[in-house]
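Visitor: I would like to learn how to read a structure like this one. Could you walk me through a few features?

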Amino acid sequence: MHSKTLEEYKKGIKNKYEIVKEGEHFDYLYNPSRGKLRDLCWLIFENNPTQDDLNVFKNLLCLDFDHTKKNKFKEQKDKFRPIETFFKGETDPLNIDAINLAAVIVDFQPRPFKKFNEKCRIKETKQIENADKGEIVVEREKEVIEVAGFVKNENEAPKEDPKKGNLYFNFKDVFSKIRAQKIDPEKIIMVGVGAVALVSSKCLKKLDRMISKSK
């Protein structure tokens, strides 16, 4: 997971570089060099950097950002070499601090890598949860359909069944078989009403025939 996410992080930074290199900082990024990237970095950090970005600056350059120490900062040109070759597509950097500073230079979000990794993990967890919920819904629907078919078959039993005319025994047999098959009683709520309506309809028709004959 970590290795895969790091590759996605670097890919995102490189894609952002390809977009911004022809933008506001064209002179620094279109044909990047260590010196140009160093100067752009100073320019970026002069404009209210976040604490995360300040930490990245310190981790890679081994000094705090200080407006009064620009000359000392200029000595750090070689620290920008892996960023230069990364943007040019010549190398695949392994130094996470250099990768994070590259993200700062092109303003890639979310950064640093720790935040990017956390966001990916949250997204992946949500996708897994949604997939699990989808499987549960499908399984529930399948079980309800199976129970519906089961109840329908019971109501369509042959006429010679001696218990056919006894509503109590019909449902007693149905629920006994449902319990024997260990089907969750809650799953028959949806079809229970339909079953009662079906039986009630048959009883009314039978009563109507009896009244007609008596006339």
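Guide: Gladly! Helix 4 and helix 7 cross in a left-handed way. Keep in mind that this is a predicted model.

Visitor: Which residues of helix 4 and helix 7 make the contact?

Guide: Helix 4 brings Asp53, Val56, Asn59 and Leu60, while helix 7 brings Asp97, Ala98, Asn100, Leu101 and Val104. Sorted by class, this contact has five nonpolar, two polar and two charged residues.

Visitor: At what angle do the axes of helix 4 and helix 7 cross?

Guide: The angle is roughly 135°, and the axes of helix 4 (residues 51-61) and helix 7 (residues 96-106) come within 9 Å. Helix 4 is therefore oblique to helix 7.

Visitor: Now the backbone, please. What should I look for?

Guide: Here is the general idea: most residues other than glycine have a negative phi, and most peptide bonds are trans. Asn48 sits in the loop between helix 3 (34-45) and helix 4. Asp107, also not a glycine, has a positive phi of about 55°.

Visitor: Is Asn48 buried or exposed?

Guide: Asn48 is exposed, at a relative accessible area of 74%. Asp107 counts as partly exposed, with 42% relative accessibility, and lies in the loop between helix 7 and helix 8.

Visitor: Where is a cis peptide bond with omega of about -5°?

Guide: One joins Gln109 and Pro110, and Pro110 belongs to the loop between helix 7 and helix 8 (113-155). The bond from Arg111 to Pro112 is cis too, with omega near -5°. Pro112 lies in the loop between helix 7 and helix 8.

Definitions and conventions: Residues are numbered from 1 along each chain as its sequence is written. This is a predicted model: local features need pLDDT of at least 70, side-chain atom pairs count only at pLDDT 80 or more; totals for chains, interfaces and linings use all residues. Side-chain values use heavy atoms; hydrogens and water are left out. Axes are lines fitted to C-alpha atoms, for helices over the stretch in contact, and angles run from 0 to 180 degrees between N-to-C directions. Helices (H or I, at least four residues) and strands (E, at least two) are DSSP runs, numbered from the N terminus. Angles under 35 degrees count as roughly parallel, over 145 as roughly antiparallel, 65 to 115 as roughly perpendicular and the rest as oblique. A crossing is left-handed if the near helix is turned anticlockwise from the far one by less than a right angle, and right-handed if clockwise. Contact means heavy atoms within 4.5 Å. Ala, Val, Leu, Ile, Met, Phe, Trp, Tyr, Cys and Pro count as nonpolar, Asp, Glu, Lys and Arg as charged, and the others, Gly among them, as polar. Buried means under 20% relative accessible area, exposed over 50%, partly exposed in between (1.4 Å probe, protein chains only).
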